[in-house]
Amino acid sequence: MAGITDPRPPLPEWILECYDRLCTQACQPDIGEDSVPLIDYDDAVTILSSDAELALEQRDVEHALTRLLERGYFYEVEDELRVTSPEEQC
């Protein structure tokens, strides 16, 4: 996530829209109080690829997920994308 001191430009709006869509689909696991919302990587690809409003090609979906991971919006554990700070982001 680009903070105030982050010299990188902010993510494009379409990638942030992908993030919002995935957050609405992320589920809260039942394990422990510290559990964070998560979504399976393949499910994330399917959700974004099939969203008619976004109308993304496969490579665009993969690019969006890569950028979200690189910026820390998600972190990946065993093919699951977990929301980094759900109380602030989703």
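Trainee: Is V77 buried, partly exposed or exposed?
Mentor: V77 is partly exposed, at 28% relative accessibility; buried means under 20% relative accessible area, exposed over 50%, and partly exposed lies in between (1.4 Å probe, protein chains only). This is a predicted model, where local features need pLDDT of at least 70, side-chain atom pairs count only at pLDDT 80 or more, and totals for chains, interfaces and linings use all residues. Residues are numbered from 1 along each chain as its sequence is written, and side-chain values use heavy atoms, with hydrogens and water left out.

Trainee: Which element holds V77?
Mentor: Strand β2. Strands are DSSP runs of E, at least two residues, and helices are runs of H or I, at least four, numbered from the N terminus.

Trainee: What about E78, buried or exposed?
Mentor: E78 is exposed, with a relative accessible area of 75%. E78 sits in the loop between β2 (74-77) and β3 (80-83).

Trainee: Now the whole chain. What is the order of elements?
Mentor: The pattern along the sequence is α-β-α-α-β-β-α, which comes to four helices and three strands.

Trainee: How much of the chain is buried?
Mentor: Buried residues are 36% of the 90 residues.
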